[in-house]
Amino acid sequence: MTATALRPTAAPPGDASLRHVLGRLAVVEERVRALVAERRAADHQPDDPYRGLYLSDEAVDRILADPLPVGATAAAGPWASVAETLLTCEVEADDAEAAGERLALRDLTRTFGLDALDVELLLIALAPEVDPRFERLYGYLNDDVTRRRPSAAVALGLCGLPAGLPGARARLLHGPLADGGLVELEDPERPLPGRALRVPDRVAGHLLGDPAPDPALAGVLADPAGLAGAAPPEVSAAVARALAGGLRLLYLRRPPTGSGRSVALAGLEGAGRDAVVVDLARVLESPEPAATVRAAVREARLRDAGLVAEPVDALVGGGAPGRAALSALVGSPATVLMVGETAWDATWAERPVAQLQVRAPSAAERTRLWTTALGADAAGLDVDAATAAFRLRPEQVLRAAGAARAQADLHRGGPGPLTADAVRRGARAENGTGLDRLARRVEPAVGWDDLVLPALVLTSLREVSLRARHRERVLGDWRMRPGGGRGHGVVALFAGDSGTGKTMSAEVVAADLGLDLYVVDLAAVVDKYVGETEKNLERIFDGAAGVNAVLLFDEADAVFGRRSEVKDAHDRYANIESAYLLQRLESFDGLVVLATNLRANLDEAFTRRLDVVVDFPLPDAAQRRLLWDRCLGSAAPRADDVDLDFCARFELAGGAIRSAAVGAAYLAADDGGAVGMRHLVTAVHREYRKLGRLTLPGEFGEYWELVGA
């Protein structure tokens, strides 16, 4: 090994940090040379080719004859050049820092609180990562050619300390090197002096100028770009002041549409700190969540950055692994800013935790964020109208904007200006799949022009839509529903006979808002066991809280029934179910539509909590004719004898007319021809029988003989 192998001149010109590390490794080289010379001077079999693979009788005798080296120090001779090389290296480092250079080794020393011995041990363990010849030398010093990393005894010996010195031993077991994850002790089955020291790849890469994060954090780290500007300025300024004043542990509780992450990032930026953002839900999916958290903490400390971790709720509900990861997070010496929706529990941390409630962005702030995220692609688009119905956090808005561009490119076949439909598709892409297991998802395919209803009913339906679109401004910014933990939801009741258009109207409202429609399956909700129905409903409401959609309870009277006088346990529990629903509707932030054929069966307390009530009447003759025309459509061929005015005489609801039109189309398809009056009157006759109504020849007039033909 030559004397110039690791001199600072081996570093690229201008890289002062790497020159400093290589210069310090040159000091390690001098120490290795000195210790090798010392060992050779006392070696009685220097030319034994099997040295390190066995112990001869003579070697055992010498070991037993030598006194234990407790308290011994290195001799002056071969170690004389170590101090000179060290002084030269550190003087150059002082000059570099004075010129404004950042030196990774010195920054790491300050951040992790290392002393001179810690730095020497770190560099001794680092040496084989830089020059493989150190492996052979360490094998020689270990007296075992198969062990090519420095043992604790060799590392301490290179520092001039005996392996049994209590203070030195403690530095390796639970000092800053071990606690910070900078050096690991391998071979746990061996005694400490024989255990090998290893520098993790991420630490070695950091010292040598590689900024790539630890591979163990792949899929766990989140991109913080673009979020700092989304935070309320007054809140981020307060966080920045606290961090600059030495705050190290902060919990940011965010509302459903607020972003604790943006506040944390803005606060760190204001304090002049970088950020490492960790997705705790993905941490919990890793094989060892606590180890992953420790790797994230080390990553933040290596960068001298703050660690932003969310959602804390994932770890709290993650059982023993989640709690272990949370303990590793709150017990770390790094600056940690945690984000979650649940209230902080003081038992989660042994040290005090500062807490801050993050407010939800106003409607104007949310529109500005959307406009910024969409950029020039949204020129000419009414961003407020396109996005007002969506309740998304700032980080979701950024993702939704990217998804909107992708959707637009897919449908256009290339780049171009964004449309409102593309923006809404991008926003809906943020919907999770949790509600799909509890309700049936319907992608709206109808609009206002497809409805055949009286003007007053249409006005009421449009009110449902406008309430959902402007609820954040009215209920949030203007605080028109203060106190009591009330949500920003909209609850509408659609009441009317079967087939009058309630479900279709809910689909139209969803389409107008750009939302999906989820129809709750009551068979999966109602349970005969006490308390299970409420649990099923809670799962639905919780799932709907994270989804921008219209939630439709069809046949709602089965669940939202009238409370009765308590005569037995069944009445009591039935009333508890209704009381639960009353409370849950008030705190819900989404859009709920209750559809029922029996409005009188609903509890009066539900009526008070309804925002809009829409009564659906049976269609009159003019509306029935229009319904027949719409239901037959333009694609199916019609015979010349089709008389829609005659069809409109039959007093049928819209759903029955659609059913009859479909039935007539099947009959026509079987005949191989167009839809004619023979098919229509036959379909109406069968619809009457299905509804249990009398079919009098006088109602069918001249077409009676065609029925069933």
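Reader: Is Phe700 buried or exposed?
Author: In this predicted model, the relative accessibility of Phe700 is 0%. The cut-off for a buried residue is under 20% relative accessible area. Phe700 therefore counts as buried.

Reader: Which residue forms a tilted aromatic pair with Phe700, at 5.5 Å centre to centre?
Author: The planes of the two rings make 55°, and a pair is edge-to-face only over 60 degrees and stacked only under 30. The pair is thus described as tilted, and the partner of Phe700 is Trp704.

Reader: Is Trp704 buried, exposed or partly exposed?
Author: Trp704 has a relative accessible area of 30%. Buried means under 20% and exposed means over 50%. Because its value falls in between, Trp704 is partly exposed.

Reader: How many aromatic pairs does a search of the whole structure find, and what is the angle between the planes of Phe650 and Phe700?
Author: The search of the whole structure finds twelve aromatic pairs. Phe650 and Phe700 form one that is tilted, with 5.0 Å from centre to centre. The angle between their planes is 45°.

Reader: How many residues apart in sequence are the parts that the pair of Phe650 and Phe700 ties together?
Author: Phe650 lies in the loop between α27 (644–647) and α28 (654–671), and Phe700 lies in helix α30 (residues 697–700). The pair therefore ties together parts that are apart in sequence by 50 residues.

Reader: Which residues form one aromatic cluster?
Author: Phe650, with a relative accessible area of 2%, is buried and is one of its members.

Reader: What is the bridge partner of Leu307 in β7?
Author: Strand β6 (residues 306–310) and strand β7 (residues 336–340) pair in the parallel sense over three bridges. The bridge partner of Leu307 is Val336.

Reader: Which residue stands opposite Val550 in β13?
Author: Strand β12 (residues 549–553) pairs with β13 (residues 591–596) in the parallel sense, over four bridges. Opposite Val550 stands Leu591.

Reader: Over the ring of which residue does the charged end of Arg462 sit?
Author: The charged end of Arg462 is 4.2 Å from the centre of the ring. The cut-off for the distance is within 6 Å. The ring is that of Trp448.

Definitions and conventions. Residues numbered from 1 in each chain as written. Predicted model: local features only at pLDDT ≥ 70, side-chain atom pairs only at ≥ 80, totals over all residues. Heavy atoms only, no water. Pairing = 2+ DSSP bridges. Helix = DSSP H or I, 4+ residues; strand = E, 2+ residues; numbered from the N terminus. Phe/Tyr/Trp six-rings, centres within 6.5 Å; stacked < 30°, edge-to-face > 60°. Buried < 20%, exposed > 50% of the residue type's maximum accessible area, 1.4 Å probe, protein only. Lys NZ or Arg CZ within 6 Å of the ring centre and 35° of its normal.
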